[in-house]
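Please have the sequence and structure at hand.

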Amino acid sequence: MRRAVRLLSLALSAVFATASASHAQAPKEVVIGVIYPLSGNLAQIGIDSVTAMKMAVELYNTKSDLNLPAMKKTTEGLPGLGGAKIRLIVVDHQGKPDVGQAEAERLITQEKVTAILGSVFSSVTATTSQVAERYGVPHMNGESSSPSLTERGFKWFFRTSPHDGHFTLAMFDFLKDFEKKKGVKFKTVGLMHEDTLFGADSGKVQEELAKKYGYEVVLNMAYRAKTTSLDAEVGRLKAAGPDVFFPTSYTSDAVLYIKTAKTLEYIPRMLIAQNAGWVDPQFVAEMNKDIEGHITRSPFALDLQAKKPLIRQINELFKKQKDNPGGRDISEAPTRALTAFTVLVDAINRAKSTNPEEIRKALVATNVPPDQLLMPWTGVRFDEKGQNAGVRAILQQIQKGAYATIWPFDLAAADVIYPLPGFKDKK
Amino acid sequence: MTAEVLVQGLVSGLLMGFVYALIAAGLSLIFGLMEIVNFAHGEFLMGAMFATFWAWALWKLDPLVSLPLTLALLALLGLLVYHGLIRWILGAPMLAQIFATFGLAIFMRAAAQALWGADFRLVKNPLVDGRVSLGGVFIGLPQLVASVGALVAFGFLYWFIRRTETGLALQATSQDRQAAMLMGIDTQRMFALGWAIGAACVGAAGALLAMFFYIFPDVGATFALLAYVTVALGGFGNVPATLLAGVIVGVVEVLGGLLIAPALKYAVVFSLYLVVVLWRPQGLLGRF
């Protein structure tokens, strides 16, 4: 009898031991919900971004020695979680805030994702992050640039890239630097922005900063996104005739703007775009000579690869991805997604857990050094609002069909073309 | 705001208006004939623009050269859709009819993206390019050719409906299906013909638009709403009225943007539409 009791207790303790061991064991996989635009106006940006993230997942799930956050390792999977593999659940928000909201809800409650990543459109990020905040799930963002997103005091929202405040500051700092360097003087600026959260916030910040820097805002017009014609808008610009023109438009409207400006022969002395359409590689390829000399702000520059070998390594890998037909170079959108994604994975790896609170603590403690970034930033460290404090915006100019970094002057790879050549001179 | 800018706006709006009108013509024709609103109309336009693009990209055919091809292709698509889908839901409740064409729209959009990706494409260096300047007013040549093309298409459509026997049969069917049947008109054939012509109109519009507008899977949605407003403003089923309404929409859009605010230009168009519909629910020249 005693023997039987001993055997039984041994057996039971063995069962408990394995049970508790398996409980303490790290999960076999980490599921991350990715909400991007895969149809609609910005689908290509979403598709390219997802391609970059899938590429990163493959690198995390196998052995890799790339110098990206948490990627230099001799084991498969995430070392912090006992080799757990990463699995992405990719969903499409179609550019609609309500769809994004519903998908975030589904990813959290049904798919039980560990964290959420998304969503390019500031307006969609606003709703997806609200859902994540409510459920207490970490939400990482790599590209939405509306300043208000990190001004809401959210506990679970983190943004790696600069917002329009940083970018716009860079634009005006550049103007002042340029005036000093070339001995020119700009007096008036004109603003045109689309009417979603991204454009509205951009227009607001630009107007504030223009006034602060002593420029007269002769025109600040919002227009309906995805419009069928920009004749009225370009007509107004032509009538107002600002020295420097700042457009904030996604690709479709950017194409239409160029076409209309060409027809109506509108050429400002300088054009500085708030990213979006102007950093779409397809846009540059299609518009070609018509956008020679256009300047855009950017958090990424392919021509920095001479100074940053990591960019070349990643670009070579990206060009070989099967979802990248034609082997296009990595552009701004996928590098931003990749950066946000690797920063998030790094935090999960350091948290050694899929517990949301542990991941949040790890995110707060994030300190990614500049050499692990594709971006020209001083690193990734989040401030109390969840905004990366290490951001640095650069300005690029389209010169001979490619982006050339022109500012900050210490990073510049080319001289500024000024003033903007006319359409006829661009043949 | 100088007079020059206003005249420029007027001209730009007028040119765009003709194209809006042609896009809306097919929609109006199909509705007049069988009281079905084709929610996939924008996607028909997208299909036509892609057909034009591929003819250019693969065989170096200029949009104007490939126009007859696009027209024929779209007419075929119209026939296919009628025989494959619409014929089966003719007697169904209105909601089913809405969902059928709406579903078709989503299918076509998704199929285009799966086949050709989501990139924005442009037909580069078309035969007609550049612009002319008349006393400081610039006219884009592709836009000019597109509006002339739209007017020619309208003329042809008008002649066909009013002057040919088939056109008269089409009109009879749209006025009273039962009576037309009693007169020996094959109404099923007329319906199929209506879909073919309606789709051909949007085919022509797509080919003309592709000369100066970007092409991507969602491009139809950009124009579809304006097409519905144009049709309702002019009067459902009245094709010539669509021309008038298209021009009104085009001009009001640009002048609204110039005189009031660009952000409100569609608000101005829709307000005008609301006023007209309140005053004349059947549209400006509607018949019922």
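**Cavities, pockets and the chain contact**

In chain A, α2 and α11 each supply at least two residues of the lining of the second largest cavity. Helices (H or I, at least four residues) and strands (E, at least two) are DSSP runs, numbered from the N terminus. This is a predicted model: local features need pLDDT of at least 70, side-chain atom pairs count only at pLDDT 80 or more, and totals for chains, interfaces and linings use all residues. Residues are numbered from 1 along each chain as its sequence is written, chains are lettered from A and ligands numbered from 1 in the order in which they are written, and side-chain values use heavy atoms, with hydrogens and water left out.

**Cavities**

- On a 1 Å grid over the protein atoms alone, a cavity is a set of points where a 1.4 Å probe fits but cannot get out, and lining residues have an atom within 4 Å of a point.
- Grid points are joined across faces, edges and corners, and a volume is the space filled by probe spheres set on the points.
- The count by this rule is three cavities of 30 Å³ or more.
- The second largest cavity holds about 60 Å³ of space, and its lining includes A:Ile45, A:Asp48, A:Asp280 and A:Glu332.
- α11(A) gives the largest share of that lining, three residues.
- The lining of the second largest cavity has five nonpolar, one polar and three charged residues, where Ala, Val, Leu, Ile, Met, Phe, Trp, Tyr, Cys and Pro count as nonpolar, Asp, Glu, Lys and Arg as charged, and the others, Gly among them, as polar.
- The largest cavity contains about 200 Å³ of space.
- Of the 17 residues lining the largest cavity, A:Val120, A:Glu143, A:Asn275, A:Ala276 and A:Arg336 lie nearest its centre.
- α2 (43-61) and α11 (332-351) of chain A each supply at least two residues of the lining of the largest cavity, and the largest share, three residues, is from α11(A).
- Eight nonpolar, five polar and four charged residues make up the lining of the largest cavity.

**Contact between chain B and chain A**

- Contact (heavy atoms within 4.5 Å) involves 38 residues from chain B and 39 residues from chain A.
- B:Phe120, B:Arg131 and B:Pro262 supply 19% of the area that chain B buries against chain A, more than any other three residues.
- Together the chains bury about 3100 Å², 56% of it on carbon and sulfur atoms; buried area is the accessible area (1.4 Å probe) that two parts lose on being put together, summed over both.
- There are 19 residue pairs in polar contact across the interface, both residues at pLDDT 80 or more.
- A polar contact is a pair of N or O atoms within 3.5 Å; within protein, one must be able to donate a hydrogen and the other to accept it, and residues adjacent in sequence count only if both atoms are side-chain atoms.
- The side of chain B that touches chain A has at least two residues from each of α1 (3-34), β2 (137-140), α9 (219-234), α10 (239-259) and α11 (265-279) of chain B.
- That side of chain B divides into 23 nonpolar, eight polar and seven charged residues.

**Salt bridges**

- A salt bridge is a side-chain nitrogen of Lys or Arg within 4 Å of a carboxyl oxygen of Asp or Glu.
- Four salt bridges are counted between chain B and chain A; A:Glu233 and B:Lys265 meet in a salt bridge (2.9 Å, N to O).
- Over all chains, the structure holds 29 salt bridges.
- Within chain A, the side chains of A:Lys385 and A:Glu151 form a salt bridge (3.1 Å, N to O).
- A:Lys385 lies in the loop between α12 (356-364) and β11 (394-399) of chain A and A:Glu151 in the loop between β4 (139-141) and β5 (157-159) of chain A, so the pair ties together parts that are 234 residues apart in sequence.

**Pockets**

- A pocket is an open set of grid points with protein on both sides within 12 Å along at least five of seven lines.
- The largest pocket has about 1200 Å³ of space.
- Among the 39 residues lining the largest pocket, A:Lys96, A:Lys226, B:Arg109, B:Asp218 and B:Ala221 are closest to its centre.
- α9(B) gives the largest share of the lining of the largest pocket, seven residues.
- The second largest pocket has a volume of about 900 Å³, and α8(A) gives the most to its lining, with six residues.
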